[in-house]
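Student: I'd like to learn how to read charged pairs in a protein. Could you walk me through some?

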Amino acid sequence: TGLVGDLEDGTPGNRAGGMGSAIAYSGVGNQFYMVPDRGPGDGTTSWHDRYYQVQVAVTPSGPGFTVTPALGHATLLTDESGAHFTGRSSEFDATNSPGSLRLDPEGLRVSGSGTSVFVSDEFGPFVYEFDLASGTRLRWIVVPPRFLIANPSADNVAELPPGNTSGRQANRSMEGLAISPDGSKLYGLMQSPMLQDGALNGSNNRVGTNCRLLEMDLATGNTREFLYPLSDASIGATEVLAINDHEFLVLERDGRGLNSGNSAQFKQIFRIDIAGATDISGVAGLPTTATPAGVTP
């Protein structure tokens, strides 16, 4: 990356770590692209957002396989003026414009041309297209205003009610991103229900299960929304992958990792179909758990 020195928490600024936010196949050989999220310090460090090029070789080994990853290079992400996107949560624009420099990458997909990548940002949610060679932002995809909170803050708690009554939950935004096989549409999946969709109870505990899957037409800018019901309010929908023009794989999981022992219990992949699903763009608010009359998830 060319970065030198340490971040505010002592972590080297050029450390290749936390690659697990998203992985996308390039379409060529063994080459993949991976993005870390907002870096160490939970939004308190001046981490420079980036993507990694990684070669992932999979070879037969006895009854199984050996997976060998090799880091190629890292590319820093910048806006059109060359300013670096950062994981620091305080670097936001109060008007919710794409002028915000804070970026928490969660979804990653390679464009149909193969020369750029789309990244979904959990802070917005915003969806950006970046040039693969330079890391420069090429454009942003407009999401419906209902997905945005009115009062962004550097403090996650302040972004919850009563600070905001609609839009994404703090740190539970557009976690998954898919692209249609023909490259014409993106699909952004919210990790948890939005505030106006019965997400939280009076104590701001998660109780809602009705998430939104946003379809974005890259040529026209037109959008559609579909209801995706979570298995449980404690679970998050963390990734989505298109397997044809109407079916997807969705990863739901709890937030417990390898160090949690037996408490890490829910990691499941679901196959879904939007062919007969109802466009809920006109539904201002969803119930906490039930499916509204006349709506097909």
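Predicted model: local features only at pLDDT ≥ 70, side-chain atom pairs only at ≥ 80, totals over all residues.

Student: Which side chain does Arg137 meet in a salt bridge?

Tutor: Here's the general idea: side chains of opposite charge can pair when their charged atoms come close. In this case, Arg137 pairs with Glu80, at 2.9 Å from N to O. Glu80 sits in the loop between strand E4 (64-76) and strand E5 (105-110), while Arg137 belongs to strand E8 (residues 137-141), so the bridge links distant parts of the chain, 57 residues apart.

Student: Is Glu80 buried or partly exposed?

Tutor: Glu80 is partly exposed, because its relative accessible area is 42%, and the buried class stops under 20%.

Student: What about Arg212 and Glu225: how do their side chains meet?

Tutor: They form a salt bridge of 2.7 Å, N to O. Arg212 is in strand E11 (residues 210-217) and Glu225 in strand E12 (residues 223-229), so the pair ties together parts 13 residues apart in sequence. Both Arg212 and Glu225 are buried. They also belong to a network of salt bridges with Arg146 and Asp197.

Student: Which residue does Arg224 pair with?

Tutor: Glu215, with 2.8 Å between N and O. Arg224 is partly exposed at 35% relative accessibility, whereas Glu215 is buried at 5%.

Student: And how many salt bridges are there by this rule?

Tutor: The count comes to 13.

Notes:
Residues numbered from 1 in each chain as written. Heavy atoms only, no water. Salt bridge = Lys/Arg side-chain N within 4 Å of Asp/Glu carboxyl O. Helix = DSSP H or I, 4+ residues; strand = E, 2+ residues; numbered from the N terminus. Buried < 20%, exposed > 50% of the residue type's maximum accessible area, 1.4 Å probe, protein only.
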